[in-house]
Amino acid sequence: MSHLRACLVLAASLLVGVVSAGPAAAVSPSIVISEVYGGGGNSGATYRNDFIELFNRGTSAVSVTGWSVQYASATGTTWQVTNLSGSIAPGQYYLVQEAQGAGGTTNLPTPDATGTIAMSGTAGKVALVNTTAALTGSCPTGTFDLVGFGTTANCFEGSGPAPAPSNTNSDQRASGGCTETDQNAADFAVAAAAPQNTAAALAPCGGGGGGTTLSINDATVTEGNTATTTATFTVTLSAAAPAGGVTFDIATQDGTATAGSDYVARSLTAQTIPAGSTTSTFDVTVNGDTTYEPNETFLVNVTNVVGATVSDGQGQGTITNDDAPPTVAIHTVQGSTHLSPLAGMAVTIEGVVTALRSNGFYMQDPLPDADVATSEAIFVFTSTIPATSVGNSVRVSGTVAEFRPGGGTSANLTTTEITGPTVTTLSSGNPLPAPTTVGPTGTRTPPAEIIEDDATGDVETSGVFDPAADGIDFYESLEAMLVQVNNPVAVGPTNRFGEIPVLAEDGAGQGVRTARGGIVIRPTDFNPERIILDDGLTGVSTPAANVGDHFSSSVTAVVDYSFGNFKFLLTATPTVVAGSLAPETTAATLGGHVSIATFNVENLDPGDGAAKFNALAGLVVNNLKSPDIVALEEIQDNNGPTNDAVVDASTTYSTLITAIQTAGGPTYQFRQIDPVDDQDGGEPGGNIRVGFIFRTDRGLAFVDRPGGTSTAANTVMSNGDLAFSPGRIDPTNAAFANSRKPLAAEFTFAGQRLYLIANHFNSKGGDQPLFGHFQPPVRSSETQRHQQATIVANFVSQIEASEPNAQVVVLGDINDFEFSQTVTILEGGGLTTMMDTLPQSERYSYVFDGNSQSLDQILVSNPILFRSPIYDVVHVNAEFASQISDHDPQVLQYDPTSAPTAVEVRSLAAVQAGRTVLLRWRTGSTARVLGFNVYRSTGKARVRLNRSLIAVRGSSYAWRDRRPARTAARYWLQVVHLDGSRTWRGPVRAR
């Protein structure tokens, strides 16, 4: 990998809400929000980043140091903050860069402030605040300026929000920012995004001294040792001062330099540039010392100007260090933190070269200290092939820097390095420092469950550095060091970046292992003990490995970081010892049963060639045993990523169907709906969508009801019929913007009606990484998935209201875990996710960075669950280096005509009893029941209350919630059956 390989930060989520009027703030006399753009990086966008532009419509410069811009979703109550600094002159613009997306072609002008907020492209709320404290509430007070935009924004100035922008257009304040009537709807209009920063031409709104402008220069002085020096600043007018002169105040302000020790603070009031003159000078005394330190800065601010317009009211003084850099130990440079305490300083270090890269080398001190929290090694960035050799003892002089892969706005951690190095070889052929053994019985043992549990927002500036307990700190403490992994076992396949995730010591005692050699995630355990081997060093490659494969010997590496993960860069190419992993085959469909599968076929289009179609066909026929119905995700149009107006996918479907026949399978038909061009996300031009293929030779029939189009919303009729079959569910809802639309259809089998809903929810792109510097990571993509799940759950509820015994299957790539709120919301529609019926070690359909996890789901209604369905995740792809798709398919089969067999919960009630809530229920037969769980919800998420299963003991039950929620709560009863399946009863509220 290149040292400059960037992490992807994907596009902002789209947020929706319910419109309600918001209060107006007082008209801003100076700084206003002049432009808002949340489409950065989205499909079709010009600019890569979201941005907020400010403008000074007043007549005096305003310092915004200590101010912030803040953003909340259209109906949200949580405000994200970007801090500001500097000064804005009258008529000057100020650009705040926010999150970057995967799309767009153009970088913003150089921003004046930078944040990481992922804004909606169509609706949201932006506030300008003269503090950095986060606002609270849906429509907060205390804002300096506020813009609510888009039809769903529930807070705005005036009678309505600013109009909805888009991926190409922004909301822009009229008259270049000068118009301010406290009416968002009137003050803003939509136009092509046009960001401007402080370097743009001034556009004063009038007044303030006519055409005469005032500015102040910057000054640089060398520090010296014991004497003082003088920094001279000149206040300059663009023309001679008018009659009466120009008056102003002037004062110093600390930057990185501190008044008293580094310079002498000074301030003057009522200074005058007399009529006919153009300049005035201001001197600042700088104190010398012999302490090595980075160059330091202070500010000189010109305020209260009368008689001229301020074009630049802030000068910067730079104190240049002239002291010799110290010789320090590498562990002193690294420190026991994520950021070096010496960042920005010139230093000299010594050590042995341990590994080479194409643009630098690693060096390690052979004489470590006793503190395991401080790394003994560092990367030296030469920018070209380094002129040194492994084993050389070297002295390096250069500047300590923190390199953040992906750029300053990325959520990645930094790596400490030496830049601008001068390298002196002291000796050659030296033995390398002994590698640190990483593993359960090694020199250092990685935490087995916790990535970070004490940081609050940014691990680089908050929390306790705790390598013994926190995985993110553990690997940081080994940064750039030589390490050894004994008996590694692969828990993920080699990926296209040459990375192999492994566990040390054959995974002994680590996590929940799968029967096939992987390691699964759990709600509170994302397996920090995983180690990712990589091929980033010169002359090293990684071989193809599958889950469960081993290596012929231990491996040695140096620790690096990129793409949101710590990487162990191998010092030599390892030899893989292949395991016995083979693709799985599901059981053949039983007589009288219908079989239903879901399969993400990963951007399938005719351009993929016969090999991929034939391989997929072989999986369908031989491994899935030719199911009656297959819900397919990521079917592309007939010319795939060619970005034109083609949306038809009939050739893609027919090519797959023909390949299945050729492989010995039955003749399938297909049903689907073409999307609107470039509206469903995915690979640009590909127009991915969901659809069904099905066979009719076993008694299955598709119920065709015409009328479904790309934008027509399906509905449920009073008799249980779908208005369209197939038909899309609420396709124009903003929850499905740049995302695939669910497809509902009816089938019949053996006289029974089946409802199927195929899905491909919003991807996880844009979520912060597990090992990023924001902890806990923000999963911004969840917002849209929760909205999508709510819509699908409501549609299922409509089916069940019209057809109480409806056999409903909701399936597809949900892009979320079985324990996620997304799936919980879906279950609220009266469904059970089949993944929950499997043992913990089998709950996966996808492997990412060595974590086995479930993104694909099949959920069923109770009338199916009560018929003892057979469910199987068929592992044919995700665990293999050579794979046809990155997802594993799943198959469900059951007998739609069989009699349901399940416990009958005859009553369920919750009663307020003093400070507790008493839950009571009665049952009929409990012969097939293991026990019960009690859940409570105050929103969309359910929380389990009982620690252990409530045992079966007759027909009457009571359970007491001794710590009920303070807000209105609902209670749910979960029945756990002998076969592991689970059904729900509820909700009920306490009376």
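This is a predicted model: local features need pLDDT of at least 70, side-chain atom pairs count only at pLDDT 80 or more; totals for chains, interfaces and linings use all residues.
How are α4 and α5 oriented to each other?

## Helix pair α4 and α5

Helix α4 spans residues 610–623 and helix α5 spans residues 650–662; their axes come within 8 Å and cross at roughly 60 degrees. Angles of 65 to 115 degrees count as roughly perpendicular and those under 35 degrees as roughly parallel; α4 and α5 are therefore oblique to each other. The handedness of the α4 and α5 crossing is right-handed.

On the α4 side, the residues that meet α5 are Phe613, Asn614, Leu616, Ala617, Val620 and Val621. Their counterparts in α5 are Thr652, Thr655, Leu656, Ala659 and Ile660. Sorted by residue class, this contact of α4 with α5 comprises eight nonpolar residues, three polar residues and no charged ones.

## Nonpolar cores

The largest nonpolar core contains 43 residues, and Tyr362, Ile531, Leu533, Phe566 and Phe568 have the most contacts inside it. Two or more residues of this core come from each of the strands β24 (377–381), β28 (482–485), β30 (500–503), β33 (531–534), β35 (555–562) and β36 (565–570), and from helix α3 (471–476). The element that gives the most is β35, with five residues.

With residues up to four places away in sequence not counted, isoleucine 531 touches Val438, Tyr475, Val485, Ile500, Pro501, Val502 and Phe568.

Isoleucine 418 is part of strand β26, which covers residues 415–427. Buried means under 20% relative accessible area, and isoleucine 418, at 1% relative accessibility, therefore counts as buried. When neighbours within four places in sequence are left aside, its contacts are Val347, Ile349, Ile378, Phe379, Val380, Phe381, Val396, Gly398, Thr399 and Val400.

Threonine 983 provides a reference point elsewhere in the chain. The C-alpha atoms of isoleucine 418 and threonine 983 are 59 Å apart in space, and the two residues are separated by 565 residues in sequence.

## Cis peptide bonds

The peptide bond from serine 725 to proline 726 is cis, with omega near 5 degrees. Proline 726 is located in the loop between β42 (700–703) and β43 (727–728).

A cis peptide bond also links glycine 986 to proline 987, with omega near 5 degrees. Proline 987 belongs to strand β60, residues 982–989.

Phenylalanine 563 has phi near 50 degrees, which is positive although the residue is not glycine. This phenylalanine 563 sits in the loop between β35 and β36. Where does phenylalanine 563 fall in terms of relative accessible area, buried or partly exposed? Its value is 24%, so phenylalanine 563 is partly exposed.

Asparagine 738, likewise a residue other than glycine, has a positive phi near 55 degrees. The loop that holds asparagine 738 runs between β43 and β44 (743–749). With a relative accessibility of 25%, asparagine 738 counts as partly exposed.

Key: Residues are numbered from 1 along each chain as its sequence is written. Side-chain values use heavy atoms; hydrogens and water are left out. Axes are lines fitted to C-alpha atoms, for helices over the stretch in contact, and angles run from 0 to 180 degrees between N-to-C directions. Helices (H or I, at least four residues) and strands (E, at least two) are DSSP runs, numbered from the N terminus. Angles under 35 degrees count as roughly parallel, over 145 as roughly antiparallel, 65 to 115 as roughly perpendicular and the rest as oblique. A crossing is left-handed if the near helix is turned anticlockwise from the far one by less than a right angle, and right-handed if clockwise. Contact means heavy atoms within 4.5 Å. Ala, Val, Leu, Ile, Met, Phe, Trp, Tyr, Cys and Pro count as nonpolar, Asp, Glu, Lys and Arg as charged, and the others, Gly among them, as polar. Buried means under 20% relative accessible area, exposed over 50%, partly exposed in between (1.4 Å probe, protein chains only). A nonpolar core is a set of buried Ala, Val, Leu, Ile, Met, Phe, Trp, Tyr and Cys residues joined through side-chain atoms within 4.5 Å.
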